[in-house]
Structures are given as structure tokens and as C-alpha cells.
Amino acid sequence: MKRRTILGAGLAAALLAGAAPSAFAQADKPILIGVNTALQLQVGRDAVNAVKMAIDEINEKGGVLGRKLEMVTADEGEAATEGPKVGIAAVNKLTGDNKVDVLIGGYDSGVTLAELPHISRAKTIFLGIGSASPAIQAKVKENYDQYKYIFRVNPINSAKQAQGLLDFISGKLAGELGYKKISIIGENAKWVQDMVPMLKKGAIDAGLEVPMAEFFDPQTADFSPIFSKVKENGSQYLLVILSHAASDVFVKQWYDAKVPVPIGGIDVKSQDANFFERVGGKSISEVTTNFVLRAPLTPKTVPWWDKFVKLYGTPPVYTASGAYDAVYIYKEAVERAKTTKTDDVIKALEKTDYVGVRGRVVFDELHEVKDGPGYVNELFVQWQEGGKRVVVWPKELAAGNKMINPPWLQ
Amino acid sequence: MPLLEIEGLVVHYGKAIALEGVTLTVEPGELVGVLGPNGAGKTTLLKAVSRVVPASGRLSFKNRDLGPMPAHKVVGEGICHCPEGRRLFPELTVLKNLMLGAYLRDDKDGIAADLERVYGLFPVLRERRTQQASTLSGGEQQMVAIGRALMGRPSLLLLDEPSVGIAHRLKNEIFRAIRDIRDSGTAILLVEQDARSAMAVADRIYVLEHGRVTHEGTPASLADDDSIRQAYLGV
Amino acid sequence: MPKISKIDLAAASIVFAVLAAIPLFGVTTYTIGVLTVCVCFAIWAASWDFMSGLTGRENFGHSLFIGIGGYTAGFLNVEFGFDPWWSLPAAALTAGVSAILIGFPTLRLRGPYFALAMLSASTVMQYLVIIFSQVTGGQDGLNGIFPILDSQRDYYWLTLFFLLVTLMVLKALALSPWGTILRAIRGDEATCQAAGINVTFYKIAALVISAVFAGLGGALYAHYQLQVGPDLFAVILSINIIIMVYVGGMGSIYGAVGGALLLNILTESLRAFSEYRLWIYTLLLMLILFFLPNGLIAPAWTRIRDRLARPREKKRQAIA
Amino acid sequence: MIEILVYGAVISAIYAMLAVGFTLIFGVARILNLAHGAFYALGAYTVYALTANLHVPLLVAAAIAVVGVGLFGVAVERVLVRPLRRSQLAVLMITLSVGLMVEQVLLLTFGSEARNVPSMVEGAYEILGADISAQRLLALAASIVILAGLWLFMQHTRLGSAILAISQDAEAARYMGIPSDRIYSIVMGISAGIAAAAGVLVAPFQTVIPSMGLLPLVKAFSIVIVGGLGSIPGSILGALLLGYTETLIAFEVSIEWSQIVSVAAVLLTLVLRPAGLLGKRAAF
Amino acid sequence: MSLLEVDNVSKRFGGLAALKNVSFTVEAGEITGILGPNGAGKTTLFNLLSGFLPADTGRIAFDGQSIRGLKPHRIVNRGLARTFQLTRPFFGMTVVENVIVGCLAPRVRDVHVSTERRAREILDQVGLGHAADALVDVLPYGDLRRLEIARALATRPKLLLLDEPFAGLGTSEIEPLATLIRRLHDEEGLTILIIEHKLREFMQLVSRVIAMDFGEIIMTGTPAETVRHPRVIEAYIGKAEADVAAA
């Protein structure tokens with residue numbers, strides 16, 4: 001009997017709460033930020049830490065619309081072993097159970113793609129900070145009403161990265177350095193499989209010879225056949241694209257065998273600030289794309305970087321900058337919309353013009369972060385002596401920095 | 001005092017009864033033959049003594065109870081088993097097969113002496129010592145098997161069907177060696193289907209039938225008896 | 001011949017009624033989603049147990065059929081734009097056909113050799129799917145599969161319905177002469193032949209039936225996830241299913257379902273431990289494997305059933 | 001051509017080290033040890049932890065790693081495998097979960113990022129026109145030494161003979177008074193130690209991440225199936241075969257296809273010759 | 001026409017000739033025994049007849065049709081069933097289920113007759129009716145031997161091959177089983193070919209003996225003739241060598 005009364009009372013209260021004007025009911029409730037990411041991985045931990053850092057800063061200054069921000073995390077699991085199952089459950093939990101106001105996260109493109117229909121079904125805003133596949137934002141174009149919730153703050157999508165890469169090939173490699181022959185390799189991931197033929201064509205159009213354009217399995221443990229072939233075919237540069245594969249194996253084996261061909265491209269692990277140290281300095285002269293490093297890209301960059309290192313003891317990996325910016329972008333949008341109502345916030349987000357730690361963030365019609373001069377930039381950064389990172393391309397940002405060769409080629 | 005005393009030994013293989021209460025003794029230095037048709041439980045008897053199959057009943061050796069001992073301890077007590085079908089380690093050399101018989105021993109000189117003794121019994125093994133066991137003829141393999149068991153310097157040697165599948169010439173040699181082993185003071189419990197050969201060498205004989213001892217006595221006392229014929233052919 | 005007892009039936013009905021009723025109690029889509037995944041795993045585990053638990057041939061490549069089912073759904077839907085309902089029969093069919101093809105060369109093998117052959121077959125498929133990314137979507141898989149039903153709750157009921165169908169069919173087969181023969185094959189193949197049974201036929205047929213339901217489950221899963229990826233062919237998926245059956249208790253089919261529900265719910269409920277989630281899961285698993293070598297669900301149920309049945313037996317005896 | 005020869009040799013040598021231990025414990029104790037890859041990973045991580053955190057000299061760290069992982073192998077056999085040995089599937093499952101456990105512990109202790117184990121020797125050599133790093137040559141040489149050492153141990157010690165004896169006829173070994181349980185533990189230790197040695201040698205030029213044990217396990221398994229479960233010469237032959245096939249395909253076709261080779265080889269072997277190339281029996 | 005005709009059948013295992021040009025016939029209604037020491041090739045012969053091993057050469061005809069090269073289950077469905085020397089029941093199943101498997105052979109499967117009822121009848125026939133619902137795992141060994149026969153009978157054979165039906169039985173269990181076998185022959189008119197080592201019972205059971213040694217048939221005759229045949233005695237008791245005997 002008693003239990004039924006309590007149940008009844010609870011039900012009535014719930015109904016009342018639901019019926020009351022939402023603004024009134026939510027006035028003192030915190031705004032919930034759900035972070036869906038791979039919690040066991042560094043990319044995930046840094047993302048969580050960066051969100052926490054941003055939230056603490058905002059809450060210290062009084063929150064958003066008088067409400068505090070709060071974070072809930074949910075593990076996306078290990079894509080390689082668990083597939084997208086855990087990721088889908090994670091967004092369902094955050095949207096269904098925690099009823100978060102916004103999702104920030106994503107790391108593996110496959111998992112993110114799989115999560116999209118579930119995110120859109122939950123009508124929750126998603127600010128992507130890790131996955132690079134253009135297929136994600138393409139959904140917004142395909143079906144705006146269904147996928148308008150999806151934004152990408154970070155990184156620049158892989159197709160645009162490929163554009164940057166092409167620019168690097170024709171401008172730097174073929175242009176400034178006068179190379180005639182390059183080889184291209186990439187791991188067996190969808191976005192790379194799409195990108196490599198495009199790069200090959202672009203390189204040939206730029207007057208280069210491309211004797212080799214191959215894929216390898218992300219689990220490849222021995223790259224020596226590739227190095228051997230590259231050396232044999234007389235390439236002057238080896239362009240590499242890898243994100244899930246073992247970057248450290250790649251550079252270690254390259255360095256140890258003193259492969260007489262310099263390397264560079266998109267190497268996601270090599271984007272980490274401590275990568276040079278992790279591989280014992282063997283990434284010397286490797287060039288990789290990057291979006292943030294401890295340099296005055298904007299006035300916010302260096303202070304943010306230093307504070308992160310101070311708080312968490314490690315330099316931030318690429319998801320951290322995106323996650324940090326994403327919180328502020330959302331905050332600003334809410335403030336402009338003066339509500340957390342999804343549709344209004346989306347409208348506000350679309351008008352975002354925010355200078356973050358990586359550059360100026362503006363979304364295009366696909367809700368994709370705009371790149372290029374004046375926006376977020378794809379930087380070509382080279383590891384030089386002592387683990388120093390030097391921007392070598394685009395030209396206007398390289399500021400005359402010299403691109404070095406590996407020690408055995410000098 | 002008997003060397004080996006078995007009383008009321010019962011063995012089951014799952015549900016099959018192999019031994020239904022066997023009682024027998026072996027005196028020191030005695031060669032005891034166990035005869036009986038296929039499936040009578042002869043091999044099981046030996047396996048029960050070397051504790052390779054679990055058994056109930058009393059099993060004592062040199063007045064010590066074998067019941068609670070694991071198989072490898074029994075070898076240490078001085079019971080070495082030369083199993084049915086020889087069971088050599090096929091890819092090891094003859095010498096290694098022999099040396100494995102002395103696995104539990106540490107007396108280098110003693111081992112060397114016993115190796116000489118085995119070579120003395122079976123001179124052909126000295127020539128074959130570096131050959132893989134599987135390349136030997138059946139008779140030679142049997143010699144290795146007996147020699148291997150002897151390398152444990154047993155006070156009781158369990159011999160299971162040493163004559164199966166062996167050419168007549170070698171069979172003679174093996175039985176001569178068995179007698180020599182007995183003469184040098186090692187007691188032997190010999191299980192055989194070849195009744196005549198066994199009776200020619202044994203001091204005493206037990207006849208096993210359906211897991212029970214049906215007859216026992218000296219070879220002479222059993223030779224004229226129809227009981228052997230009974231046990232074997234049922235007529 | 002073992003009959004399904006009234007207690008078994010009653011328990012099964014209660015479990016299904018509870019499962020079916022859960023969405024009515026105001027749970028979120030998250031819970032429904034988790035349950036949908038649970039039910040898909042239950043279908044896979046039950047179909048694994050039918051073949052492997054009954055015939056004693058541990059199939060370490062069950063994911064082959066799941067993946068084939070899932071990708072069939074994906075291709076029909078994404079590439080050819082078929083109505084999603086077609087996925088279900090088509091997935092069952094392709095999985096069944098693939099079982100015939102793979103069964104002939106592999107079912108001669110015993111023990112770990114069969115296990116490994118199936119494992120390799122599924123891994124080869126996984127690699128091929130990744131390499132031929134132009135057709136298969138590679139690592140990212142096929143995205144944009146349509147839901148069969150718009151409401152997640154209705155879809156959950158649909159999968160639950162198919163679990164019920166799966167269980168009824170598999171259990172009916174297991175209790176029929178078929179099951180007797182399959183269990184006999186597990187006991188001793190030679191004796192089976194000596195009893196005039198065409199062992200090869202029954203082994204292949206068992207694999208086909210197992211594959212049909214695995215494929216169906218794969219399609220249901222695909223239409224829940226709205227995506228398929230090469231992870232559906234992964235060895236780890238097969239192994240997870242085996243672990244579920246093992247924890248449930250092999251050869252009973254309902255135990256497999258119980259194991260699948262239990263472990264899936266366990267994985268989800270360990271979310272609170274964030275990065276320690278898998279560590280705790282593995283630890284629990286080790287404890288179960290070590291201390292309950294016969295599994296958890298089926299032996300536990302047998303014990304409960306005996307306890308429930310005992311008073312009645314006593315009564316019957318008293319009357320007699 | 002020369003490159004294929006040299007690189008193939010290095011890969012084959014490492015594969016052989018992994019496969020020999022795996023096949024040994026199976027041949028002797030009929031244990032299909034799915035924790036084999038975990039031993040490999042533990043070897044690499046032990047060296048990393050000792051050198052990077054405690055600044056132990058590299059060679060000392062390597063020795064500690066091999067011995068320590070060997071002892072861990074003994075413990076796994078004693079505590080977890082022995083009570084379950086009657087059921088093949090139970091052994092499979094428990095060793096699998098040991099493997100998963102080790103991975104999780106490494107992940108929680110060291111994080112997901114790849115760790116750097118310094119090379120034991122620096123530099124590179126040109127052999128017949130192929131550049132090859134000194135560490136790889138060291139791995140090649142060391143694995144030959146280890147395998148030769150194992151061979152000598154098996155051929156010339158009493159314990160080695162006992163191990164061979166058990167693998168050839170376990171029951172006959174009992175008649176010799178060979179205590180099989182103790183031998184199983186020892187063999188598990190040896191097997192784990194060799195796997196750890198492979199991890200230690202390979203770590204400097206390959207990746208050191210928590211899941212690093214998976215691929216070597218798959219390779220060892222494949223090689224052993226191709227060579228014949230339980231056969232040591234078979235596993236060495238299998239290692240050469242697989243190592244060279246992979247290298248050949250990587251050079252002549254594309255490295256993309258080289259990973260599929262091992263699994264496809266397993267499937268073909270099982271279908272065409274289930275006992276493997278040098279295996280004696282197909283069922284047990 | 002004989003029920004079973006074996007003509008010049010040989011089988012080698014590697015270098016070992018397990019059977020050398022074996023020829024014999026079995027007439028309908030006979031109980032024929034096969035006798036020989038270990039390794040004589042008796043079980044190999046059974047394996048060839050029942051299709052578990054392929055014959056290298058020769059002809060095996062059953063009921064006038066060649067059965068050489070047929071799969072075991074096909075041979076069973078022609079009406080030739082066997083038992084195994086080591087009982088191989090289906091563990092984890094009940095006794096009646098074990099027999100049902102035999103009743104499910106295509107040869108006897110009949111949708112109109114309950115296989116279970118037939119199985120129970122057969123169990124009654126072999127004296128196992130009381131244990132029908134027990135798990136085979138708890139059955140005493142003697143009953144397992146009966147079960148082995150029951151399962152073979154379930155396939156309604158014309159010719160039954162019994163491989164050492166008394167092996168592993170205690171003294172008290174042999175006689176009733178021998179009676180059962182004789183009764184099956186007398187009442188059902190079953191033709192039986194039997195291998196056995198328990199010779200006393202064996203000799204009383206069979207009407208004709210085929211004696212084998214080293215893969216060859218050394219003689220055929222009545223039981224009385226057999227035990228007096230010098231080669232049988234030599235094969236069984238062994239030939240004492242002069243020098244050993246003299247010692």
C-alpha cells in the first residue's frame with residue numbers, strides 16, 4: 001500500500017515537472033555536457049580533461065545564463081575490439097538517461113558514423129572533436145532536418161586535409177624542393193583509402209612521378225618492405241597517412257634503417273607533443289599535419305597549453321584543443337540564443353565566429369569547421385633537433401623556417 | 001618376507017571390471033609369471049602395481065604401502081615397469097631412451113655401470129645406441145624397453161608381454177635375458193600370452209581369468225594340468 | 001527423451017513477459033537500446049549453442065555468419081535500396097548458404113582444428129572487407145541502413161519476437177529426433193554411423209540452422225545499429241559469444257540466452273567504472289570460468305527447478 | 001631479392017621464437033595457451049618499466065623480464081590451468097582471459113600510448129645491399145642463439161629428454177618416474193620466457209602498446225597449425241614459410257595483402273592437411 | 001547365395017599387412033565365430049566389413065550386392081550392423097535415447113511408429129527395460145554391453161557383427177549375455193558374426209569358427225575341430241623354443 005502511494009506521488013511530481021514551463025524548471029539545473037569518447041585512450045582522457053578545464057573556467061565566472069555547467073562521460077570503448085556497439089550505447093545513455101544538453105566527443109570515424117543516426121534520433125547537438133571522415137558532415141547536406149545536430153569543431157576533415165596535403169606536395173615538395181618522384185602509403189582505413197588515389201592523381205598533375213601508392217594493414221608490424229621498395233624506386237619523399245596504425249613502429253624502423261628518403265604526411269600519433277620523446281627522438285625531420293602546437297597561433301594558445309600541462313602533467317593531444325574550444329563555442333551559442341533549446345542553439349551555433357586556441361572557428365553549411373588562412377589552419381609541422389616543432393608549411397605561416405633532412409641525408 | 005604382496009586387488013575402468021580381487025606375492029629374486037587369455041586383466045594388474053591405474057585393495061612393496069603413492073614415487077621405490085607394446089619414445093635415440101629409465105637417479109657411476117649391464121645383456125643395443133628408437137626392429141625395441149626399465153635399477157621388474165610380435169630368434173634372446181636378469185637377483189613379474197615360453201623361465205605361475213586368479217603353482221605342476229588349456233581355449 | 005517441463009515453460013514465459021514489459025515502465029531509449037543488443041546477442045548465443053553445444057564442435061568463427069547476415073542487410077538496404085524487411089529473410093538465406101560452403105571442408109575436422117578453421121574463415125572475411133573498401137565501406141563499414149520500425153520500442157519487441165521464434169525452433173529441434181542425433185554425434189561419431197546415421201548430413205544441417213539464425217540476428221543487429229562494420233566478422237565477437245554460452249552453461253540453449261543477457265547487462269552496468277570497466281569485466285569472467293566450469297545460468301536453474309519440483313514430488317508420493 | 005632474403009630471415013626468426021614456445025607447451029601438456037601473446041607483451045613492458053622508470057641497465061632489465069615472465073608463466077600454469085586441465089575448452093577460456101587481463105592491467109598501468117624501449121644496439125648495416133638496423137640483426141642473432149640453446153637443452157640435459165619423452169609418450173614417461181605435473185610447469189615457464197625474450201628483442205623496433213600481444217599470438221597460432229601442432233621442427237619450418245611468404249607478398253604485391261596470408265594459410269592447411277606439414281596426427 | 005561373401009580382402013597399414021587375402025562366407029542364420037590372438041586382424045576385418053576402414057583389395061558382398069567402399073551408415077542401412085569392442089554409448093543421454101538413435105536410421109525410421117516405443121521394446125528384449133530412463137553415465141558396465149547390442153538391433157539388421165561382447169564383464173555377467181545372444185539368434189533368426197576371447201562361452205555359442213593369425217585365416221571348422229588344430233594351439237599358447245624349454 002505504502003509503496004503505491006510513494007509511487008503515485010513520484011509519478012505526479014514527474015508529471016508536474018514535465019508540464020511546467022521548461023525555462024522555469026531548468027533555471028537552477030546545471031547544463032549537462034556529455035562527453036562520449038574512448039576513455040581508455042589518451043585521446044579520450046585528454047578530451048575529458050580539456051572539457052573539465054573549460055567547464056571549471058566558465059563555472060568560476062558564473063556559468064552560462066546563470067546555470068552551472070556539468071560534465072557526464074561515457075566510454076565509447078575500443079573501436080578495434082568492441083566495434084561501434086559501445087559507442088552507440090554511450091550516446092544513447094548520455095542522451096536517453098542523462099538527458100545531456102550537448103554531446104562533445106568522437107574519435108574513431110567508424111564509431112562516430114555509426115552513432116550519427118542515434119544522435120539525430122535523440123535530437124541532441126553533437127560537437128565532433130576527433131573524427132575526420134568527410135562522410136560525417138556530408139550527412140548534414142544529405143538530410144539537414146535529420147542531421148542538423150551534427151557539427152565538427154575539430155579536426156579539419158580528411159578531404160580538406162588532403163587538399164592541404166596536395167598543396168604541400170605541389171607547393172613545397174615539387175615547388176620549393178624541386179622533387180620529381182614521391183611515393184605514397186596509407187593505412188587501410190576508409191578515409192585513407194579514399195584519399196590516396198586523389199593524392200596520387202594530384203601529385204601526377206603537379207608533374208611528379210608516383211611509382212608507388214599502396215596501403216598497409218593498421219596492424220602492420222614491419223614496414224621494412226615498404227622502405228626497401230621506396231628506396232629502390234628512387235623516390236625523394238615518402239608521403240604517409242596513418243592514424244590508427246603504429247606510428248612509433250613506422251618512424252623507429254625508418255630511423256633505424258636510415259632510409260634515405262625523408263618522410264611526412266598525416267601521422268596522427270606524431271601530432272602529440274611528446275611523440276618525439278616517446279620514440280626516442282627517432283621522428284627527427286618527420287613532417288606531419290597538425291592543428292595546434294605550443295605557438296602563438298592565437299593569443300589563447302600558449303596560456304591554454306601551459307595551463308593544461310600544469311593541470312594534467314602532459315601536453316594535450318589533438319582532441320584536447322577541439323574539446324576545449326567546443327565547450328566555449330557551445331557556451332557562446334547558448335548565450336546568444338539565450339536558451340538551451342536545441343533548435344535555437346543550432347541556429348546560434350551556425351552563426352559561430354569564435355577565436356579559440358587553434359584559430360578562428362566558423363562553421364560552413366555542412367557544419368564543418370572552416371579552414372584556411374584566417375581560420376583554423378592545417379599546419380605542416382616538422383620535428384627538428386631536440387624535439388622542437390617547427391611549422392614548415394603553409395608558406396605564410398612557415399615564416400621562412402627551414403625544412404631539414406634526416407641526419408643521415410645531410 | 002615377500003617383496004611384493006597383493007591382496008584383494010580390484011580395478012575398474014570406468015564401469016568395466018578389469019580385476020575382481022587378485023591376490024598374489026612375489027618373493028625377492030623370484031620370477032613370477034602371470035598367464036591368461038586376452039582381456040583377463042594381466043596388463044591391468046601390472047599397471048595397478050606401478051600405480052598408473054587406480055586400484056583398491058592392498059598393495060605393499062618391501063612392507064611399504066604403495067596405495068597413496070603417485071606413479072613417479074613408485075619408480076623411486078624400485079619398481080620399474082616395462083609396458084605392453086614397448087612404449088619407446090620413438091623420436092629419441094636408443095641411448096636416450098635408456099637414460100630416461102634412470103631419470104630419477106643421480107649416481108653417475110651407478111648409471112654408467114647399469115648401462116654396461118644392459119649392453120652386456122643386449123649387445124646389439126650398443127651398436128644401435130645413436131639410432132632413433134622407431135627405426136629398430138620389434139625385437140630390438142623390446143630389448144630397449146627392457147633395458148630402459150633396468151636402468152632404474154629395480155628390485156622388481158614388471159614385464160608386460162615381451163614376446164608379442166617378435167621374430168622367434170629374438171624371442172629366444174629376450175627370454176634368455178629375462179632369465180639372466182632374474183639370476184642377477186632382480187625379481188620379475190612377467191605377464192605373458194606365450195604360455196610355453198613363460199613357463200620355461202618362471203619360478204612360479206599364476207593363471208588369471210576374467211580378472212581372477214584361477215590357478216597357481218610351479219610350471220612343472222601346471223604343465224601336465226589341463227587347466228592351462230582350459231583357461232586358454234575353454235575346452 | 002527430455003521433455004520441456006511445465007516449470008521450464010512457466011519460467012521461460014515469465015522471463016519473456018518481463019523482457020517484453022520492461023519498455024512499458026518508462027525506461028529510456030538507452031535501456032531499450034541495450035536490451036535490443038542483449039536480445040541480438042541472445043539470438044547469436046542460442047544459435048551457437050545449437051550447433052556447438054549439441055554436437056560438441058566449438059565454432060570459433062560464428063561471427064562469419066553474423067557478419068554475412070549483417071552485410072547482406074547492409075548491401076540490400078544501402079546499395080540497392082531494398083525495403084528493410086527484405087533484409088531478414090535474405091540475411092538468413094545468405095548465412096545458410098555460406099554455412100554449406102564452409103561446412104563441407106571444415107566439419108571433417110575435430111576439436112581445436114574445426115575451431116581454428118572457422119576462426120580463420122571469419123578473419124579472412126574481415127580482412128577482405130577491409131581491403132575491398134570501395135565495395136564494402138572498409139573499416140567504416142556501411143552506414144545509413146534504414147530502421148525497420150521507426151519506434152525503438154517496437155523494434156525491440158520485434159527482435160524479442162525473433163528471439164522467441166529462434167528459441168522455439170531451436171528448442172523444438174533440440175527436443176526432436178534431430179536433437180537426439182546431434183547429441184549422439186557429440187557422444188561418438190563412429191557409434192552414430194554404426195547406428196545408421198548420416199553424420200555428415202546432420203553436422204552440415206546443424207551448422208546451416210545455426211548460421212541461419214546467426215545471420216538473422218546479424219540483420220536485426222544491423223537494423224538496430226543502422227550500420228555494419230568489419231568488427232561483425234571479428235574473432236573477438238565469436239569469442240564473446242562463446243564466453244556468454246560458457247557462462248550460461250553449454251548445450252541447454254536457454255543457458256546461452258541467460259549468459260548473453262547477463263554479460264551484456266554486466267558490460268553496460270560497469271560503465272560507472274569508466275576506464276576500469278573492462279578490467280573488472282575480465283576479472284569477473286576469470287572468476288566464473290575458474291570456479292564455475294559448468295557455467296552459471298543453466299546449472300543454477302537446474303538447481304532451482306529441482307527445489308521447486310521437490311515438494312510436488314513429495315506430495316505425489318504422499319498421495320501414492 | 002637480397003632484401004627479401006634478409007628481411008624474411010629476421011621476421012621468420014622472430015616468428016619461430018614465438019611459435020616454438022607455443023607449440024612446446026601444447027606438445028608436452030596439450031595446453032593451447034592463448035595467454036602466449038600476453039607473455040610477449042609483458043616481456044616488452046617489463047623492460048620498458050625497468051629502463052624508463054627505474055633506470056636499470058638494459059641487459060639486466062632484459063634478463064629480469066625473461067626470468068620474471070617465465071615465473072609468471074609457471075604461476076599461471078600452477079594456479080589457473082592445472083585445476084581446469086581436464087577440459088580443453090576451459091583451458092582455452094582461462095588462458096584467453098589471462099591474456100585479456102594482462103592487456104587491461106598494462107593499459108591501466110602504462111596508458112594507451114606506445115612506449116619506447118631503447119635499442120640495445122644502435123646503427124644500421126648494409127648487408128648485400130639491404131639496409132638493416134643493428135637491432136634487427138641482434139634480434140635475428142639472439143633468436144638463433146635462443147633456439148639453438150633450447151635445442152641443446154632439449155638434446156643434452158636430463159630435463160630436456162624428459163620434456164621430449166612426455167611429448168612423445170606421456171604414459172610411458174610416467175613409467176620412467178617422470179613427474180609430469182612439474183614438467184608442465186617448467187615447460188610453461190620456458191615457453192613464457194622465450195615469448196618474453198621475443199618481446200624484449202622486438203620491442204625496440206616494434207610497437208609497445210597494451211594490445212601488442214594479439215598479433216604475435218595469431219601468428220604463433222597460424223605457424224603452429226601450418227607446421228603441425230606440437231612439432232618443434234614443424235613450427236620452425238612454419239615460421240620460415242610464413243615469414244618469407246609475408247615478406248615476398250609485401251615486396252612483390254603489396255603489404256596490404258601480407259596480413260591475410262597467415263590466416264588464409266591456416267584455413268588452407270586445415271582443409272588440405274589438417275595435421276600440418278610436420279604434424280603426426282590430426283586429432284587428439 | 002550367402003548372406004556375406006568376403007573374397008580376397010586385404011588391408012595394409014603402412015608397412016604392416018593387417019589382413020592378407022581373407023576369404024570366407026557367412027550363411028543366413030548362422031552364428032559364426034572369429035578367433036585369433038591379439039593382432040590377428042579380427043577387429044580390422046570388422047572395420048572393413050562395416051565400412052569404417054576402406055579395404056585395399058578384394059570384394060565384400062552383402063545380400064548379393066557389393067558394399068565395399070560404402071560409408072558406414074549406408075552399410076547399416078543395408079542391414080549389416082555392428083557393436084564395438086569398447087562400448088561407445090552416447091554419454092549424457094538416457095538409455096532409451098541411445099537406442100532411439102538407432103531407431104532413427106533411415107532403414108527403420110517410420111513416421112507412423114513411435115521411435116520411442118520401438119526403442120523401449122528393444123530394451124525390454126535385451127533386458128534393459130528397467131533402466132530405460134536412466135542416464136547411460138550411471139549404467140553398470142554389463143548393461144552397457146547390452147545397450148551396445150540394443151542399439152545395433154534398433155537398426156533391424158540381418159547380420160550382426162559382435163566385437164568381443166563379453167569383454168570387461170565379470171564372470172557372473174557373461175552367461176546371461178550369452179543366453180541373450182543365443183536367444184536373438186533362435187527367436188529372431190538373426191545371423192551373427194562374433195569375435196570373442198572368452199573362449200569357453202564362445203565355443204558353446206558358435207556353430208562354426210574362423211581362426212585367424214597374422215592377418216590370415218588359418219582354419220575354418222567346428223569348435224571341436226578348432227581347439228585341436230595345431231596351428232590354433234600354436235597361435236594361442238605359443239611355441240616353446242627348444243632351448244628355452246630345455247633350460
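**Helix packing and a few other spots**

Modeller: Let's start in chain C, where helix H8 (residues 177–187) and helix H10 (residues 199–225) pack at an angle of about 110°, with their axes 10 Å apart. Helices here are DSSP runs (H or I, at least four residues) and strands are too (E, at least two), numbered from the N terminus. Axes are lines fitted to C-alpha atoms, for helices over the stretch in contact, and angles run from 0 to 180 degrees between N-to-C directions. This is a predicted model: local features need pLDDT of at least 70, side-chain atom pairs count only at pLDDT 80 or more, and totals for chains, interfaces and linings use all residues. Residues are numbered from 1 along each chain as its sequence is written, chains are lettered from A and ligands numbered from 1 in the order in which they are written, and side-chain values use heavy atoms, leaving out hydrogens and water.

Colleague: Okay, over to chain A. At what angle do the axes of H9 and H10 cross there?
Modeller: The axes of H9(A) (residues 158–176) and H10(A) (residues 190–205) come within 10 Å and cross at roughly 30°. That makes H9(A) roughly parallel to H10(A). Among the residues that meet are A:Leu165, A:Leu166 and A:Ile169 in H9(A), and A:Trp191, A:Met195 and A:Met198 in H10(A). The residues of this contact divide into 10 nonpolar, three polar and no charged.

Colleague: What about H10 and H11 in chain D, how far apart are their axes?
Modeller: Helix H10 (residues 232–252) and helix H11 (residues 258–272) of chain D have axes 8 Å apart and pack at an angle of about 145°. D:Leu242, D:Thr245, D:Glu246, D:Ile249 and D:Ala250 in H10(D) meet D:Ser258, D:Val261, D:Ser262 and D:Ala265 in H11(D). By class, that contact has five nonpolar, three polar and one charged.

Colleague: New topic: how many disulfides are there?
Modeller: Zero, over all chains; a disulfide is a pair of cysteine sulfur atoms within 2.5 Å. C:Cys192, for instance, is in no disulfide, and its nearest cysteine sulfur, that of E:Cys103, is 13 Å away.

Colleague: Is C:Cys192 buried or exposed?
Modeller: C:Cys192 counts as buried, because its relative accessibility is 0%. E:Cys103 is buried too, with a relative accessible area of 1%. Buried means under 20% relative accessible area, exposed over 50%, partly exposed in between (1.4 Å probe, protein chains only).

Colleague: Last one: where is A:Glu385?
Modeller: A:Glu385 sits in the loop between strand E13 (379–384) and strand E14 (388–393) of chain A. Not counting residues up to four places away in sequence, A:Glu385 touches A:Ile284 and A:Ile404.

Note on methods. Angles under 35 degrees count as roughly parallel, over 145 as roughly antiparallel, 65 to 115 as roughly perpendicular and the rest as oblique. Contact means heavy atoms within 4.5 Å. Ala, Val, Leu, Ile, Met, Phe, Trp, Tyr, Cys and Pro count as nonpolar, Asp, Glu, Lys and Arg as charged, and the others, Gly among them, as polar.
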